[in-house]
Amino acid sequence: MTEKLYDADSFLSSFDAKVLSCEKTEKGFEITLDKTAFFPESGGQYGDSGKIGTAVIVQTYYRNDEIVHLSSEPLEVNSVVHCELNFEERFIKMQNHTAEHIVSSLIHKKYGYDNVGFHLSKEFTTCDFNGMLTKEQLSEIEQLANRIVYMNTPVLCYYPDKALLEKLTYRSKGELEGEVRIVEIKDVDMCACCAPHVKYTGQIGIIKIVSFIKYKSGIRITMKSGYTAYEDYKKRSEQDEQLSVLLSAPQSDLLPALKEKLDSLDQIKAEESRIRYSMSEIIASNTAKTDRSICRYVQYYGIDDLRKLCNLLLEKTEQLCAVISDSSEGYLFVCGSNNFNMRNLSKKISSDLNGKCGGSDTMISGKLNADKEYIIKYFEEGQFND
Ligand SMILES: [Zn+2]
């Protein structure tokens, strides 16, 4: 059985070990050692990476009860090798995992909910709880969690003997087998957990709950802690800097500045829509009543504007009325009639004019991908009836 060096010292990043076995599998070479500081994937935390001798380790996991290190290179059995953990990545995992313990403990104490799911990734951590919480309640939990970070409370990991274990009250995520390892954050939490953690809560740096959603009968929260939170803050800060230039506003006033811009954009859109409707009224008044179908091309119209124009033109003909406008690919179009069933015609129009359209019995809309003059002729000459 491999000695778990990470149990005694979670900050151990380099050590010497003896290669016990090296087996070629479909994934690569699975290496076992007499002792290891590489934590194997378990309990929602992915396995460690690093180097064992000359072999690059991409993953560490359990195969049955054995801790195996996966590499694309073989190692000589019985050789003694120097091992180096990718410690930066491991430290970030410890920051995020210990943060999870603090938040789970606070939620459990205050609301009685259990952590029923945990997943640690490189970018964020998700935790599932079997009860609902509001944004305000989570905000309070986040504040309390950060206070525990600032207190720099010791985090202790140990295997209590049976007598002591029976006396302890601790959280646990499932049925426990064999020896129970306790992770204790002094005066804050006790939890059964096999993973390495930071030694003091201050090493977490910061805990930020970034979002939450309803999940099963409770909630799933997404958190970023420590270096992950710093990277996120840096990204958001750079974004704010660029937004500040774009909006010509100080970083502290981005929201009202953006709101103002969006409001004025809405006003411009409403004004444009009114202008286009006036143009539609002019087009309609310049169109004589006819017993033929009508087709008009207009510039810079959206589907809604086209629909309004089509309705105005339908007063001029008992036949069919089509209106088209430019789009990034082909033409936007709306087509209506008071007498033809447009839904029945939509298939033929789509196939004749290389388009895609749909709608109701009286009006259809969509896109056409044919020559403009050809489309106009097609409708005016009633070719949809052929
Ligand atoms: Zn844990």
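Predicted model: local features only at pLDDT ≥ 70, side-chain atom pairs only at ≥ 80, totals over all residues.
The protein is split into three domains: domain 1 covers residues 3-85, domain 2 covers 91-234 and domain 3 covers 272-385. Between the C-alpha centres of domain 1 and domain 2 the distance is 27 Å. Contact between these two domains involves 10 residues of domain 1 and 13 residues of domain 2. On the domain 1 side, the residues that touch domain 2 comprise 4 nonpolar, 5 polar and 1 charged residues.

Strands of a sheet pair through backbone hydrogen bonds, either parallel or antiparallel. Here, strand 14 and strand 15 (residues 218-225) run antiparallel and are joined by 8 bridges. Along this pairing, Ile213 stands opposite Arg220 in strand 15.

Another set of strands can be followed from residue 155 onward. Strand 11 (residues 155-158) pairs with strand 12 (residues 182-185) in the antiparallel sense, over 4 bridges. In this pair, Leu156 stands opposite Glu184 of strand 12. Strand 12 also pairs with strand 13 (residues 189-192), again antiparallel and over 4 bridges. Here Ile185 has Asp189 of strand 13 opposite it. Strands 12 and 13 make a hairpin with 3 residues between them, and in the turn Asp187 has a positive phi of about 65 degrees.

The nonpolar interior comes next. In soluble globular proteins, nonpolar side chains tend to be buried together. The largest nonpolar core in this model holds 46 residues, of which Ile31, Ile102, Val103, Ala145, Ile207 and Met223 touch the most other members. Helix 2 is the element that gives the most to this core, contributing 6 residues. Because domain 1 and domain 2 both give residues to the core, it lies between them. Leaving aside residues up to four places away in sequence, Ile207 touches Ala99, Ile102, Val103, Glu142, Ala145, Asn146, Val149, Met223 and Ser225. A second, separate core has 26 residues, including Leu306, Tyr331, Leu353 and Leu368.

Helix 7 (residues 303-313) contains Ile303. With 15 other C-beta atoms within 10 Å, Ile303 is partly exposed, since a count of 20 or more would be needed for it to be buried. Ile303 touches Leu332, Val334 and Ser365, not counting residues up to four places away in sequence. Although Ile303 and Leu332 are 29 residues apart along the chain, their C-alpha atoms are separated by 6.9 Å.

Some individual loop residues also deserve a look. Most residues other than glycine have a negative phi, and most peptide bonds are trans. Ser248, by contrast, has a positive phi of about 50 degrees although it is not a glycine. Ser248 sits in the loop between helix 5 and helix 6 (254-285). It counts as exposed because it has 8 C-beta neighbours inside 10 Å. Asn354 is also not a glycine, and its phi is positive at about 50 degrees. The loop that holds Asn354 runs between helix 8 (342-352) and strand 19 (356-359). Asn354 is partly exposed, with 13 other C-beta atoms within 10 Å.

The tour ends with Asp386, in the segment after helix 9 (372-380). With 8 C-beta neighbours inside 10 Å, Asp386 counts as exposed. From Asp386 to Lys316 the C-alpha distance is 23 Å, and 70 residues separate the two in sequence.

Note on methods. Residues numbered from 1 in each chain as written. Pairing = 2+ DSSP bridges. Helix = DSSP H or I, 4+ residues; strand = E, 2+ residues; numbered from the N terminus. Core = buried A, V, L, I, M, F, W, Y, C linked by C-beta atoms within 7 Å. Buried ≥ 20, exposed ≤ 12 C-beta atoms within 10 Å, placed from the backbone. Domains from an automatic or database assignment. Contact = placed C-beta atoms within 7 Å. Nonpolar A, V, L, I, M, F, W, Y, C, P; charged D, E, K, R; others polar.
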